[in-house]
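Work through these exercises with the structure open beside you. Try each task before you read its solution.

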Amino acid sequence: MRQSLVWFLLLWQASSGLCTNAKYYEETHNDDDPLLRGGQNKFVASPKTDVVLDQGQSRSPQPGSDLVDAAIIELSKTPRSSHQRKRRPSGLVGSILRYIIKTIPSGPVTTPSPSHESPISGPLLSAVQLLEEAAKQNNSDALFLLAQMNFFGSYSHPKNLEVAFGHYQQLAAVHGNTTAQYMIGVYYSTGLGDVVPRDQAKALLYYTFAAIGGDIRAEMATAFRHHAGIGTTKNCETAVKYYKSVADKAIAWYRDGPPGGRTWIQQAWRISDDNGGIYGEGASASSAGMNAYKANPASDANAAIDDVIEYLDLMSQKGDSKASYNLGRIYYEGERGLDRNTPLARKYFFLVASRYWKRDGRVLENYKQGIESIASKAAGYLGRMYLRGDGVSQNFERARFWFELGVSQGDAQSQYGLGLMSLRGYGAKKENVKFAMELFKKSADQDFAPALVQMGQLYLDQGGQEDVRIANNYFELAGRHGNIESHYYIAEMIHHGVGREKLCGASLTYYKSVAEKAEPLVSSWSNANDAYEAGEYELALLEYLLAAEQGYEKAQTNVAYMLDSVQSQLPLFSSLQHHEESKSILTNPTLALIYWTRSSRQSNVDALVKMGDYYFYGVGTKPDISKAVQCYTGASDYSQSAQALFNLGWMHENGVGLVQDFHLAKRYYDQALEVNDEAYLPVTLSLLKLRARSAWNTLTHGPIHSIQDEPKPKKHRSFSEWVANFLQDEALEYDEEFYSDNLYDDPLGGEGMSEDDGILESFLIIGVTFALVFLLWWRQRLQQRHLQQQEEMRRQEQGLPPNPPRDNGREGAEAFGEWAAGGAAFL
């Protein structure tokens, strides 16, 4: 009865949430208050870490709304926490210092206990008191603000996960707030801060209610759980339903931007990649073996971005147009750790273009040869900036001017931009689809992804069977570049069975890709990265945790990596760092194992090896050698992980979890070295020890299977193959003699082998051959005479007449000739 009542109440919460949150985000994010996060994007489906007021609960003012307004005024007086990125020191000295700092032991990071929380004062204290008064009146905005401040530590408020859970729970139970339901699901999924016991079924329940209410993060979390079978059985159709809902919102958000769609910097990354992978450079499958990247010594692949910019700027000042163009691209596109700077990008693009064209578009008389291609690319970017209004006022005439200059030199981006203007009628009285398609075709022939997508759209609109097939080909080509629109079209075609086989798993993969690519809409990657690089690791963990629950493999790896208690480090420093018990949320090996497991199921080989380590050593769970063997074996399939192969070799050598077999151990060690040549030292030392143990086992007749020589397969050749091989060997010997070094060491006119010497040598060989043949014949004659004498003696003893002579009187040369001819008599 009690269980039925709980379900009834939860269903009532979900239904009320559908009503109260219908206009929540639209009204919230259209507010011009600078305190609101995400206010510039009406498609952002849920707040991230700071203040977002729930104004959609009722059009009439809530009780305590005046207190909330006063609290916001007080919060505006507090210093906003800004995560300044720490620039990694560049150069040899900087790198050495960075590694030295990493090895210095440090005490465990702990969260303040409730009795020793950091005191708050000033405007923050006043704001908290006002919000608490409003919360007593059940004001949803006050509850939400207090929950966010206690969970994320906004406005320098001390984190208190237990207090935050209480506010989220009240907000979800009374107001049906979907964000609060999602956050409660996070608590039950992770057991964060030991506030509530971990319960995956309850987590899925709260995620589902929030997803029904339209929370985009909850939709992704629900989809991932049905996809991976977490807290429920795997259900591809249900997972596709939720991923498709997110993908539809993501593509609408993408297309709502300027011409050509929104652009953003991809922030998803793995923390471990900065260290060469989970196990470090050379030991991780992500940075060794088939995945090892051997850069050219002159490459800037491992250089810091500051060093690259400094070098390119120096070359640009010397008149290097390619360096100027690359600087423009870096500043225009940006990257993780470097924000976009469109005014500076425009400066460099214009600098390149001005070295080839005059202001009126005419070509300079004394331009530098070879600059045409670079100038056309710069013109394409300038046209794009004016078309979209990136860093400049949107101006279709200027965009057309630059695009036409780029098209004159065959630039793919210019062809696409001018085609888009013709297709949509930007800056023109009417559209010109035929001309647009010609330009798209030229750009697509140069493998420009947006043009490929446009070509696919135009063919798909025709609707014919052949048109659909061609459209699918264009989408597939664009998909190789990771284009979000191409992935969406492929997902739609597979899901609806248009031009492709209807496969649930395939459509799920593409919908998931589209959802995860729209990072600014669905996740808090940027905030997590900023917090991590600013050294606020607990806040970074919470942000990564939210993304991990949404199914991001990289976020799952980051959470597990930050919680990893068995990272490789110096033994001395390891003992110093763990000399006392830590109460930090960063110490949770059980949660680390959960996320290693989820990451490994998304094809992270190193995570699978790490999962085996946890089972082997009993970290976060009871020791289970059989599960460790399964993890190592899975990671060693297709020779992916040298670390896993080495571990299996060690287990065979010592008989831990596997049959003790020195021969199999040697095989695994050898294979580990084949996969990763950087494992030479550990493998060589292990093989030396293994051979010593195997030799002793053989000498003492031990029961272990010792190392055996690998049998060499004998190839059975036919007579023709034998002859061909014999002739080939003879030719090789001749070639080696002819091209020997001695042929070129002798001076011109020096003494060499004369023709007479060759003839004399031939006679000697022939003479020796005849002598050997004669000796063989003479020996056979003696044996025959001896046998004849024995036969005659036997016949005399028996009284029989003697046999006639067998050579019929032939002696000397005639007998020798008969013997040489195989016994045939001469006529």
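Predicted model: local features only at pLDDT ≥ 70, side-chain atom pairs only at ≥ 80, totals over all residues.

**Exercise 1.** Work out how α15 and α17 are oriented to each other.

*Solution.* 
- Step 1: Find the helices. Helix α15 covers residues 372-388 and helix α17 covers residues 412-424.
- Step 2: Take the geometry. Their axes lie 8 Å apart, and the packing angle is about 30 degrees.
- Step 3: Apply the cut-off. Angles under 35 degrees count as roughly parallel, so α15 and α17 are roughly parallel to each other.
- Step 4: α15 and α17 cross in a left-handed way.
- Step 5: Look at the residues that meet. From α15 they include Ala379, Gly380 and Tyr381; from α17 they include Gly417, Leu420 and Met421.

**Exercise 2.** Describe how α14 packs with α15.

*Solution.* 
- Step 1: Locate helix α14 at residues 342-354.
- Step 2: Its axis and that of α15 come within 8 Å, crossing at roughly 140 degrees.
- Step 3: Classify the angle. α14 is therefore oblique to α15.
- Step 4: The crossing of α14 and α15 is left-handed.
- Step 5: Name the partners. Among them are Phe349, Phe350 and Val352 of α14, and Ala378, Leu382 and Met385 of α15.
- Step 6: Check Tyr381 of α15. Tyr381 takes part in the contact with α14, and Tyr381 also belongs to the set that meets α17.

**Exercise 3.** Which residues form a nonpolar patch on the surface?

*Solution.* 
- Step 1: List the members. They are Val768, Leu772, Phe774, Leu775, Trp778 and Leu782.
- Step 2: Give their area. Together they have about 600 Å² of accessible area.
- Step 3: Val768 sits in helix α36, residues 755-798.

Definitions and conventions:
Residues numbered from 1 in each chain as written. Heavy atoms only, no water. Patch = residues over 30% accessible without salt bridge, like charges linked within 9 Å, V, L, I, M, F, W, Y side chains within 5 Å. Areas by Shrake-Rupley, 256 points an atom, 1.4 Å probe, with all protein chains shown as cover. Salt bridge = Lys/Arg side-chain N within 4 Å of Asp/Glu carboxyl O. Helix = DSSP H or I, 4+ residues; strand = E, 2+ residues; numbered from the N terminus. Axes fitted to C-alpha atoms, helices over the stretch in contact; angles between N-to-C directions. Parallel < 35°, antiparallel > 145°, perpendicular 65-115°, else oblique. Left-handed = near helix turned anticlockwise from the far one by under 90°. Contact = heavy atoms within 4.5 Å.
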